[in-house]
Amino acid sequence: MTSTTTPPGRRVLLATIFFTIFLDLVGVGIATPIIAPLVLRPESGLLPADYSEHSRTILLGFLIATFSIAGFFFGPLLGALSDRYGRKRVLLLSLSASLVGYLIFALGIHWRDMTILFISRIVYGIGGANIPIIQSAISDVSDAESRTKNFGLVGIAFGLGFIIGPALGGELANSSVVPWFNFTTPFLAAALLTLVNILLVIRNFPETLRYPIQRPISPFTGIANLRQAFTDSRLRILFFAVFFYAIGFNFYTQFFQVLLIKRFDYGQAQIGRYFAYVGVWVALMQGTVVRRAANQYTSAQILRVSVLGLAVALWLFVLPTRSWQLFLVVPLMAFFQGLTSPNSTTIVSQSADAQEQGKILGINQSILSAAFAIPPVIAAYIDTIDIYLPIVVAGTLVFVGWLFFLRFTSAEAKPSAG
């Protein structure tokens with residue numbers, strides 16, 4: 001394969017891609033510790049004081065889900081647009097949407113207008129759906145030998161962004177750090193980071209698409225992908241496994257902050273520090289245990305243990321009666337999640353023929369996006385029954401995913417067993 005850039009140019013491009021993802025994830029992560037206290041706590045002033053806790057929780061669930069729903073519909077659309085009109089142009093469009101979305105959210109907080117907050121989540125949800133563009137750009141400049149290594153940059157940038165973003169967001173909304181910090185400050189900071197990101201792309205990101213690809217452009221590609229995933233006779237069981245594992249884990253990632261507030265009275269700074277702690281452990285596991293396990297075991301062997309372990313780890317979060325005890329469970333959860341996430345993607349990729357890689361990975365991404373969009377709404381309703389119920393359901397859904405993984409790996413092993 002002939003590279004589209006010289007090696008030094010490729011290094012600059014990959015560095016730009018890394019910082020683009022990193023800054024993007026920091027911007028997204030900044031919102032993680034802010035939205036739940038903003039909606040749930042009456043003292044934030046966002047909602048009238050007579051709003052019940054149940055009403056606030058359900059409203060929060062829909063607000064969180066709006067971002068993911070926008071990403072589900074627009075991720076495949078932006079990927080197709082980048083195939084036709086170029087990576088750089090569409091990436092700049094998505095980053096501009098993120099910038100505008102953050103500013104709108106800050107205005108919504110200032111004006112205490114929930115409608116504006118929902119609009120902003122849609123706008124920067126569209127902007128945040130740019131991972132297919134990034135993946136396409138990496139593929140454009142990678143050969144068979146460097147592709148896996150280059151795609152690893154995405155995981156590293158995700159991990160660092162997930163560590164720094166929540167911690168930064170929590171502190172930027174903490175008036176005890178600086179008196180004029182408030183709930184709007186993190187979103188203004190996210191807008192500033194996105195502006196830096198845009199300038200970085202304009203200056204250092206060369207166009208990587210050599211020849212336009214005429215793919216259908218439709219906001220309903222994600223729905224079509226889901227339909228195809230669950231009607232494919234060979235891979236249906238695998239996609240069910242991925243879906244249940246992902247939806248279960250996202251109950252934890254997207255709604256655990258509600259438990260932190262209601263059960264342990266966490267503020268935005270404490271929530272940010274907690275998720276930064278989670279991110280550190282996930283990064284440690286990805287950089288140490290995961291690589292060693294990959295050298296000794298197949299993805300199927302790892303998933304047979306790791307998905308079950310993740311389900312058990314999530315259930316353990318119902319046990320702590322003091323907040324410091326939560327931090328003892330996190331390393332166990334990060335260990336099994338660190339093993340499960342990359343190996344679930346690997347087993348999907350290995351199950352597809354070479355000419356179907358793009359198609360199958362696209363379907364897998366749509367499943368992950370759907371699994372990201374659904375939990376907040378369901379969790380909001382069941383949280384009104386019992387604050388621990390979302391965690392119980394999270395572990396249960398991951399357990400169901402484990403059963404599907406067992407069934408798929410057992411079926412795949414049969415032909416070679418004779």
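## A tour of the salt bridges and the core

The count comes to 7 salt bridges, each a side-chain nitrogen of Lys or Arg within 4 Å of a carboxyl oxygen of Asp or Glu. This is a predicted model, in which local features need pLDDT of at least 70, side-chain atom pairs count only at pLDDT 80 or more, and totals for chains, interfaces and linings use all residues. Residues are numbered from 1 along each chain as its sequence is written, and side-chain values use heavy atoms, with hydrogens and water left out.

Select Asp140 and Arg87. Their side chains form a salt bridge at 2.7 Å, N to O. Asp140 belongs to helix α6 (residues 131-140) and Arg87 to helix α4 (residues 87-111), so the pair ties together parts 53 residues apart in sequence. Helices are DSSP runs (H or I, at least four residues), numbered from the N terminus. Both Asp140 and Arg87 are buried (under 20% relative accessible area; exposed is over 50%, partly exposed in between; 1.4 Å probe, protein chains only).

Next, select Lys262 and Glu53. The closest N and O atoms of this salt bridge are 3.9 Å apart. Lys262 sits in helix α10 and Glu53 in helix α3 (residues 53-85), 209 residues apart.

Move on to the largest nonpolar core, which has 115 residues. Such a core is a set of buried Ala, Val, Leu, Ile, Met, Phe, Trp, Tyr and Cys residues joined through side-chain atoms within 4.5 Å. Helix α10 (residues 236-264) gives the most to this core, with 20 residues. Among the members that touch the most others are Tyr252 and Phe317.

Definitions and conventions:
Helices (H or I, at least four residues) and strands (E, at least two) are DSSP runs, numbered from the N terminus.
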